[in-house]
Amino acid sequence: MRGRLKDNPVPGQKRVLLAAPRGYCAGVDRAVIAVEKALEHYGAPVYVRKQIVHNIHVVTELEAQGAIFVEEVDEVPEGAHIVFSAHGVSPAVVNAAADRGLHAIDATCPLVTKVHREAVRFARDDFEILLIGHEGHEEVEGTAGEAPDHVTIVNSPDDVDNIEVQDPDKVVWLSQTTLSVDETMETVRRLRERFPNLQDPPSDDICYATQNRQVAIKKVAQDADLVIVVGSANSSNSVRLVEVALEYGAKAAYRVDYASEVKQEWLDGVETVGVTSGASVPEELVKELLDALSDAGYGSVSEVKTAEEDLMFSLPKELRKDLQGNRDERALGGRGRANAV
Ligand code: SF4
């Protein structure tokens with residue numbers, strides 16, 4: 001059965017409700033392929049600043065192919081190729097890479113770049129930017145770095161009372177792309193109470209993939225005794241899925257990198273397990289979880305689909321240019337989409 005819940009689950013029958021969309025988004029797909037194509041085209045090693053996407057399995061696989069992950073550009077030998085991660089970088093990082101003579105490939109997700117552009121534009125118009133997001137997260141550092149003198153980071157609704165601005169009539173809010181939609185709207189509501197002339201971003205900053213995965217897990221959670229989210233601990237959107245599942249009715253919710261982390265006691269007395277995965281998670285990890293659940297008696301799987309996704313992004317322009325010679329543009333078209341079920 002696709003797209004809706006079983007109307008009348010058999011009492012006592014163990015089952016899985018599988019959320020869709022889940023897993024890879026267009027920005028992650030593009031970033032991972034960019035590293036793979038760079039390795040193919042330039043040869044190993046190719047350096048990557050920070051984790052290309054926040055998933056330990058993906059990082060480990062790329063390391064095995066010859067990618068070297070670094071924290072900062074000064075760890076990279078002069079003249080080498082470096083890929084900037086999907087989370088984006090500040091202009092200071094771009095300049096540091098150029099000063100070092102590095103060949104940079106910018107795999108920043110275009111939806112993150114959109115927020116960067118908004119920050120640049122509002123700063124140019126002399127707005128104070130209230131950037132809702134998690135301090136220290138790479139994406140927030142990159143966006144804030146576009147206009148450091150204009151940006152104040154707002155971590156949570158509780159931060160709002162302590163924010164100081166110079167001109168309350170010239171403030172705008174922007175956000176990290178991977179936040180909880182509900183919590184962000186609560187933060188905005190409280191910001192607007194304090195600053196009634198607060199301006200909205202021109203379009204949603206929380207990206208389509210984050211929103212779609214939250215909508216799907218909300219639907220699953222209302223019927224789930226337990227929700228298991230596949231995703232890494234540093235993946236913001238994966239961690240949010242656990243929180244959203246709990247808010248929307250799941251009796252328990254856990255995040256795992258691998259199926260082997262599922263604890264037997266989580267399944268005690270559980271009839272319905274909800275399953276989803278974060279936007280940086282390959283589908284093979286979900287498949288392993290479903291196999292493990294099947295072995296534990298949860299072989300009945302019903303998909304709960306709340307949206308279709310078909311967005312794709314072209315490869316970073318630096319890479320496209322270098323690949324032009326061998327016209328290897330099957331890159332994005334040929335890969336199985338993570339959300340195909
Ligand atoms: S989660 Fe959203 S912003 Fe982040 S890479 Fe995916 S599509 Fe882009």
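Domain bounds here come from an automatic or database domain assignment.

## The model and its domains

We're looking at a predicted model, where local features need pLDDT of at least 70, side-chain atom pairs count only at pLDDT 80 or more, and totals for chains, interfaces and linings use all residues. Residues are numbered from 1 along each chain as its sequence is written, and side-chain values use heavy atoms, with hydrogens and water left out.

The chain splits into domain 1 (15-24 + 208-305), domain 2 (26-108 + 312-319) and domain 3 (111-194).

## The largest pocket

Domain 2 and domain 3 each give at least three residues to the lining of the largest pocket. On a 1 Å grid over the protein atoms alone, a pocket is an open set of points where a 1.4 Å probe fits, with protein on both sides within 12 Å along at least five of seven lines; lining residues have an atom within 4 Å of a point.

This pocket is lined by 23 residues, and Asp-106, Thr-108, Thr-113, Lys-317 and Glu-318 sit nearest its centre. Helix 4 hands over the largest share of the lining, five residues. Helices (H or I, at least four residues) are DSSP runs, numbered from the N terminus.

## Where domain 1 meets domain 2

The C-alpha centres of domain 1 and domain 2 are 29 Å apart. Across the boundary, 13 residues of domain 1 are in contact with eleven of domain 2, contact being heavy atoms within 4.5 Å.

Notes
Helices (H or I, at least four residues) and strands (E, at least two) are DSSP runs, numbered from the N terminus.
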